Amino acid sequence: MEVIRAKHAGVCYGVERALDMAHAAMLDDEPTYTLGPLIHNPKVVDDLAAHGVHVAKTPEDVREGIVIIRSHGVEPEVLETLKARDLTVIDATCPHVAKAQRSAAALRDMGGTVIVVGRADHPEVRGLCGHAGDKVVVVASPDELPERLEEPVGVVVQTTESAEKLDAVVEGIRARGIEPVVKNTICFATRQRQESAAQLAEGVDAIVIVGGKNSSNTTHLYEICRAHCERAHFVEDVAELDPAWFAGCETVGVTAGASTPADQIQAVVECLEAM
């Protein structure tokens, strides 16, 4: 069985940067926390905890030491609260997310409605809403657009969303006779991984997507792969692989989300090659 790895897969610059910052913080003797999981990869989060970097659910949970702002970013008021206390704050917000936050603030300053395309429960989206002001609306599809849109209408998008979802929402707004101001803040690494995954999925008998089940960008990769390959399988760990999935397969593809380190991908590749 030939195992083919996607041309673009695994950790992006923003995740690698956040991990580097967390690893550097480990060298300090102070108690160290991340505000929420640093990245959406349970194995990585568990490994950080084993080395003394623990997850705090709220700012109030951090009483002393170092607090790391995770790659997804936070609302402005959360950052201000932490900085006002006697804590060492390390901001590991992905630069692409920070750019999206600035875009949301610029759209807010126009004075109308700000549409955020993404998952309302995602931490990055909550951070974007914090920058977008009081007239922000979160939608995942055109059907979720409110009946009334106060103009001007601005659109910003979760960095790990798909271009198809953004385009659908923009067309939904235009169908009402409104020309929105669109900030396409989908990061380049996300687009690369999505395009590479789609191309690979079309040419293999089965494909494995590696990453955290709580990862938005990895979930999107799985959805894309499933649309192009009937035998698409989403795993967090090599132990989840089932040889029965690949019965009769001559080629199997492997891709991974932007929060999946190289060693996790390699473990899956090696396991498949041994089948």
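Are Y222 and F234 buried or exposed? Here are a few friendly notes on that and on some neighbouring topics; please keep in mind that the model is predicted.

1. To take the opening point: Y222 is buried, and F234 is buried as well. The two residues form an aromatic pair of the tilted kind, with 5.6 Å centre to centre and 40° between the planes.

2. Y222 belongs to helix α8 (residues 216–228) and F234 to strand β11 (residues 232–235), so their pair ties together parts that are 12 residues apart in sequence.

3. The structure holds 2 aromatic pairs. Besides Y222 and F234, W245 and F246 form a pair, and this one is edge-to-face: 6.1 Å centre to centre, with 70° between the planes.

4. W245 has a relative accessible area of 24%, so W245 is partly exposed. F246 has a relative accessible area of 5% and is therefore buried.

5. On to charge. Which residues gather in a patch of negative charge on the surface? They are D28, D29, E30, E64 and D86.

Definitions and conventions
Residues are numbered from 1 along each chain as its sequence is written. This is a predicted model: local features need pLDDT of at least 70, side-chain atom pairs count only at pLDDT 80 or more; totals for chains, interfaces and linings use all residues. Side-chain values use heavy atoms; hydrogens and water are left out. Patches are made of residues with over 30% relative accessible area and no salt bridge: like charges are joined within 9 Å, nonpolar side chains (Val, Leu, Ile, Met, Phe, Trp, Tyr) within 5 Å. Accessible areas come from the Shrake-Rupley method with a 1.4 Å probe; for residues, only the protein chains shown count as cover. A salt bridge is a side-chain nitrogen of Lys or Arg within 4 Å of a carboxyl oxygen of Asp or Glu. Lys and Arg count as positive and Asp and Glu as negative; His and the chain ends are not counted. The place of a charge is taken as NZ of Lys, CZ of Arg, CG of Asp or CD of Glu. Rings of Phe, Tyr and Trp (its six-membered ring) pair if their centres lie within 6.5 Å; planes under 30 degrees apart count as stacked, over 60 as edge-to-face and the rest as tilted. Helices (H or I, at least four residues) and strands (E, at least two) are DSSP runs, numbered from the N terminus. Buried means under 20% relative accessible area, exposed over 50%, partly exposed in between (1.4 Å probe, protein chains only).
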